[in-house]
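Here are some notes to read alongside the model, written as one colleague to another. Please keep the viewer open as you go through them.

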Amino acid sequence: MELGIWNSIGIVLGFSLFVIALDEYIAKPWRKRSWERRAASGDKEAQEMLRIAGSANVVDE
Amino acid sequence: MALDYEVPEDKRALYWLGDKLIEYRTPVMALVLLTTGMFAYWSFQLRLVTSFGDLLPQTHEFVKIHNKYSGTFGGANNIVAMMAVEEGTIFTKKNLTKIFEMTEGMDTVYGVNHNQIESIGHRTVRHLRVAAGGTLRAEPVMLRAPKTQEDVDEIRRIVHNAENIYGLIVSLDDKAALLRANFIEGRLDYRRIFEEVNEKVVEPFSDEETKIYVAGEPRLYGWVYSYASDVFWILVVTYCIEWILRWMYFHDWRGALRPTLTGVIAAFWGLGFIHLIGLALDPLMLVMPFLITARAVSHAIQMHDRYYEEFEKCGWNKRRAIVASFAELFVPTFSGVVTDAFGVLVILLVPVIMLQKLAITASFWILAITVSEMLLNPIVYYYLKAPEPELVVLREHGIFRKGIEWFTRLHVSRVGRLATLGVWATAVIVALYFVRGLTIGDPTAASPLVWLDSPYNVSHTEIQGRFGGVEPLIVVAEGFDKDAMKDPEALRTMERFQRAIERDPDIGYSFSLADIIRAVNRVFHELEPKWLVIPDSWTDIGGLFFIFFSGSPPTETAKYVDPSYTTAHVTFYAKNHQGDAIRRIIARCEKFIEENPMDKAAFKLAGGLIGVLAAANQELVRNDLLMNFLGFFTIWVILTFTYRSITAGLYLLAPLLASNVIVNAYMAVQNIGINIHTLPLVTVGVGFGIDYGLYIVSRTIEEIRERSDLTESVHQALITSGKAVTFTAATMIVSTAFWITSNIRFNAEMGLLLAIWMAISYVGSQTLLPILVLVFKPKFIMKEAGRGRMGSGH
């Protein structure tokens with residue numbers, strides 16, 4: 001398949017949106033569930049991550 | 001929001017600037033986006049064009065001669081098509097008809113110089129015929145395609161008896177014929193010429209029995225253009241790979257997006273500027289925009305990593321983190337961009353228009369990074385949602401971070417220091433040995449722009465194999481007065497010149513007015529071999545020229561001699577355009593010219609492809625050392641101002657110099673010559689190393705202010721900035737190396753070379769630079785010890 005400028009732009013934009021969606025809707029929830037599972041089984045690192053996630057007071061003005 | 005928290009005193013102005021950028025975000029962003037929109041519009045108007053004249057050093061004497069005479073004696077833009085038969089000879093009705101029709105086809109290709117086509121099927125290739133009454137006439141070999149076997153036999157007889165044809169445009173084994181066409185420089189449309197030659201010369205005449213091979217510069221560029229769409233694949237795939245890698249490193253899509261924004265904005269500015277100043281993109285320079293964009297992305301990764309670090313340090317306050325990362329990285333980022341931009345400007349020294357335009361555009365493009373990376377960056381972060389704190393922390397827990405930590409401990413230890421210095425010293429000594437083989441010009445006979453097994457190089461090799469040489473070197477014999485070319489002594493000197501230079505192993509054959517006069521003299525004397533000489537008197541020579549040229553219009557005869565017989569040429573056909581061969585041939589020509597002065601004329605070097613390449617190579621040799629020196633000197637001056645220390649530049653340049661020697665040695669070993677295409681890439685490549693070093697040294701200074709201990713500070717710099725440098729280098733190396741899949745060999749080799757360059761520069765800045773700092777304890781770093789970071793607003 002021969003690529004030109006416009007279909008190249010289409011592919012990279014589509015791919016970027018795909019990665020953003022993958023990160024927001026699949027990777028992050030999966031990561032959080034994974035930490036919760038690991039924390040429940042006594043993993044210190046996972047407990048620390050969850051502690052930070054819960055206690056951090058993010059100032060996003 | 002005012003700057004109502006404590007910040008380091010010496011960076012207060014930068015913190016203030018970062019804060020103000022956020023405060024006035026709407027007008028700043030509107031201005032930047034409006035300007036970017038304009039540049040984006042212009043960048044979409046860009047075209048892929050190579051201007052042959054721009055590739056030549058126009059002030060060089062050879063190029064002046066080339067420009068003066070290329071319209072008449074032939075330029076550098078020849079297409080050579082060879083028709084070869086598998087069985088039998090070309091002397092059949094069918095084959096000669098093909099040659100005749102191929103020649104007609106070539107005569108209709110866009111941009112061809114109709115008076116500078118050589119083929120037995122073209123009107124300008126003539127032979128002498130004794131007509132009724134004993135008169136002599138110069139007639140075309142073929143006025144039409146042969147109709148009978150008698151016509152074929154007659155053509156064979158003519159070819160076998162014509163010195164200007166047999167062996168030159170028909171092979172000595174009668175199995176191949178050449179069709180050589182010169183193209184007008186101002187009308188070179190490589191894409192169109194490529195397509196029309198395929199349609200009119202190659203496709204209709206190729207079959208099982210007949211093979212058509214086409215070579216020459218316009219054909220080569222045509223192939224390069226046909227491969228240019230590869231670039232889109234490479235860009236798309238590298239974009240996707242980089243996104244995945246950045247996403248994996250930052251665990252967050254913002255980390256993938258932010259460097260992309262920087263790269264895209266800088267690219268619009270750069271490409272738009274190229275169009276704005278009336279330039280086009282050269283398909284052989286496509287690695288260059290990629291390289292500059294890679295550099296923009298590399299700065300952005302540093303900034304993003306620092307933003308995450310500051311976000312944690314600032315107690316998860318986004319605005320403070322934005323301002324702190326902006327202020328803390330301002331010096332290394334700005335200094336890196338400025339050194340790169342000014343470093344590239346030294347290419348201006350080479351008087352090749354294309355390189356000078358490239359130096360200006362690359363410099364502007366690199367400077368545009370300051371807009372996308374520094375001016376707009378705090379605003380982009382302001383509008384992006386703050387990262388999740390656990391992701392910021394997570395990035396410090398992965399295997400990558402642990403690996404860096406482990407290596408750094410080992411590296412700064414006593415054994416590590418000794419090993420680092422030992423390995424680098426050995427590598428430089430070995431490289432210095434190999435670097436002697438570095439070639440200026442092309443190091444191989446085939447074209448280095450496309451792969452050895454590409455259709456172009458296969459054709460080139462076939463033609464060279466059958467005819468010995470297709471690449472012209474035109475030496476002009478410029479008379480002092482009219483009729484100088486009728487002087488027997490001038491013609492004899494031209495003949496001696498041919499015989500002297502033909503002894504060079506890389507010269508296939510030669511042609512001059514002397515060959516014509518000898519052949520005409522012999523025909524005039526009933527083909528007696530003893531008359532194959534140049535006559536002794538002006539009147540005899542004038543008479544013979546009259547016989548030969550009287551039937552031809554001046555436009556046709558001008559390719560041999562001008563109408564007033566003042567100026568003619570000797571053309572040598574070289575077997576290749578290797579840098580060493582060109583240098584040797586030109587030296588031989590110069591020696592002969594010096595030892596054989598003429599009374600009525602003087603030889604002038606040099607036109608044709610070999611002539612202009614010789615000029616380009618001479619300019620590169622003349623400027624290469626100076627350019628390297630000035631490039632490094634510029635970087636040193638900027639570093640001196642950045643760190644207010646004369647020695648700072650020396651520390652940062654030492655690993656760069658070592659990397660430079662190793663990369664040059666690699667080029668020598670891999671047979672990659674320095675030419676007008678490789679030179680700018682190599683010069684831009686130098687800047688990568690300095691960027692990496694700047695981030696590490698600046699971070700070491702920051703750390704020593706708080707820690708006072710040099711070893712600990714260096715260690716901390718390597719596991720923070722050094723980690724981001726490592727990640728940046730890894731992604732850049734992977735994506736640049738992907739260029740090896742290109743069908744354009746030049747782009748593939750440059751991609752690989754730059755990947756190697758980046759790798760060596762990275763290793764130099766990550767290993768040699770910190771050890772030099774640890775061993776020599778430079779004052780510009782040590783004086784900062786214990787000065788403390790006066791509050792940090794955290």
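Predicted model: local features only at pLDDT ≥ 70, side-chain atom pairs only at ≥ 80, totals over all residues.

1. Let us begin at the interface. On the chain B side, 24 residues are in contact with 22 residues of chain A. Four elements of chain B give two or more residues each to this side: α8 (230-250), α9 (253-276), α11 (318-345) and α14 (389-394). Of these, α8(B) gives the most, with 8 residues. By type, the residues on the chain B side divide into 15 nonpolar, 6 charged and 3 polar.

2. Next, the domains. The assignment for chain B lists domain 1 as 1-45 + 228-394, and domain 2 as 78-183 + 189-219 + 455-468. Taken over C-alpha atoms, the centres of domain 1 and domain 2 of chain B are separated by 56 Å.

3. Two residues with positive phi deserve a look in your viewer. His251(B) has phi near 55 degrees, though it is a residue other than glycine, and its place is the loop between α8 and α9 of chain B. It counts as buried because it has 21 C-beta neighbours inside 10 Å, the cut-off being 20 or more. Trp316(B), also not a glycine, has a positive phi of about 65 degrees; this residue sits in the loop between α10 (287-313) and α11 of chain B. Trp316(B) is buried too, with 21 other C-beta atoms within 10 Å. As background, most residues other than glycine have a negative phi, and most peptide bonds are trans.

4. Buried in α22(B) are Gly579(B), Ala581(B), Ile582(B), Ile585(B), Ile586(B) and Cys589(B). Seen down the axis, the buried residues of α22(B) fall within an arc of 160 degrees, and therefore line one face of the helix. Turned away from that buried side is the face that carries the exposed residues Ala587(B), Lys591(B), Glu594(B) and Glu595(B).

5. What do the buried residues of α22(B) pack against? Their partners in chain B are the strands β7 (471-479), β8 (507-512), β9 (567-574) and β10 (601-607), together with the helices α18 (488-502) and α23 (608-643).

6. Turning to another strand, β2 (residues 112-118) of chain B is mostly covered, with 6 of its 7 residues buried. Strand β2(B) runs antiparallel to β5 (residues 176-183) of chain B, and 3 bridges join the two. For a landmark, Ile117(B) has Ala181(B) in β5(B) as its bridge partner.

7. Phe290(B) lies in helix α10 of chain B and counts as buried, with 24 C-beta neighbours inside 10 Å. Phe290(B) and Gly751(B) are 461 residues apart in sequence, but 9.8 Å apart in space, C-alpha to C-alpha.

How values were computed:
Residues numbered from 1 in each chain as written. Chains lettered and ligands numbered in written order. Contact = placed C-beta atoms within 7 Å. Nonpolar A, V, L, I, M, F, W, Y, C, P; charged D, E, K, R; others polar. Buried ≥ 20, exposed ≤ 12 C-beta atoms within 10 Å, placed from the backbone. Arc of directions from axis to C-beta. Pairing = 2+ DSSP bridges. Domains from an automatic or database assignment.
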